[in-house]
Amino acid sequence: MKNARMIALSSVTTALAVTLLTLGNWFPTLSLSGAFMASLVMMIPLAKNSTKGALFSFFATVILTGVFSGFFTRWDALLPFAIFSGLHPTVNYYFGEKHFFKRPLGKVLFILIKDVWFVGALVLTQLLVEVYTGEVEFIRRYLYPILIVAGALIFPLYDLLMTRFQRMTIIIIKRFKL
């Protein structure tokens, strides 16, 4: 019975995330907010201590959003979600909360590793967008250093906010007794 509830909860999570990402892909002004809200939805299985449910939801969300939005035509919200924001809550939960990096030096190392991952995701996303849309000299010269420096500086705040959202999600799920 417990597995059936977890599968149902992961399926509902997947449906919500696919809806948010598909809207983000269809309406370019919602692309980053769709990816952000879908990453918040990915926290629901984690609130029930199910890393498998969160990973199932992540992979199913990427596949279904690709099918609904077209893998090669619209991926404004899907790309940031697939590269970083969809996996970030699960990585935070599994490595940061449960198993590793609990000591102060480990926490700093974990934040640095995730910071490099975040900056790499920003650069990779921009590189793929540049290939898709064509090269612009301004982008080639100035945008990559801006992405690297700004991403490295902004990520700790983003990570702190996502950790707080994850804790609040756990509290809300416990209150609803799902």
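1. The lining of the second largest pocket comprises 5 nonpolar, 6 polar and 4 charged residues. Here Ala, Val, Leu, Ile, Met, Phe, Trp, Tyr, Cys and Pro count as nonpolar, Asp, Glu, Lys and Arg as charged, and the others, Gly among them, as polar.

2. The model is predicted: local features need pLDDT of at least 70 and side-chain atom pairs pLDDT 80 or more, while totals for chains, interfaces and linings use all residues. Residues are numbered from 1 along each chain as its sequence is written, and side-chain values use heavy atoms, without hydrogens and water.

3. Of the 15 residues lining the second largest pocket, Lys2, Arg5, Met6, Ile7 and Ser50 lie nearest its centre. Two or more lining residues come from each of α1 (2-26) and α4 (51-69), and α1 gives the most, with 7 residues.

4. The structure holds 10 aromatic pairs (rings of Phe, Tyr and Trp, the last by its six-membered ring, with centres within 6.5 Å; planes under 30 degrees apart are stacked, over 60 edge-to-face, the rest tilted). One of them, phenylalanine 58 with phenylalanine 81, is tilted, at 5.6 Å centre to centre and 35° between the planes. This pair links helix α4 to helix α5 (residues 78-85), across 23 residues.

5. Phenylalanine 118 and tyrosine 158 have ring centres 5.7 Å apart and planes at 20°, so the pair is stacked. Phenylalanine 118 belongs to helix α7 (residues 104-133) and tyrosine 158 to helix α8 (residues 137-176), 40 residues apart.

6. Phe118 and Tyr158 also belong to one aromatic cluster with Phe84, Trp117 and Phe155.

Key
1 Å grid on protein atoms, 1.4 Å probe; cavity = no way out; pocket = protein on both sides within 12 Å on 5 of 7 lines; lining within 4 Å. Helix = DSSP H or I, 4+ residues; strand = E, 2+ residues; numbered from the N terminus.
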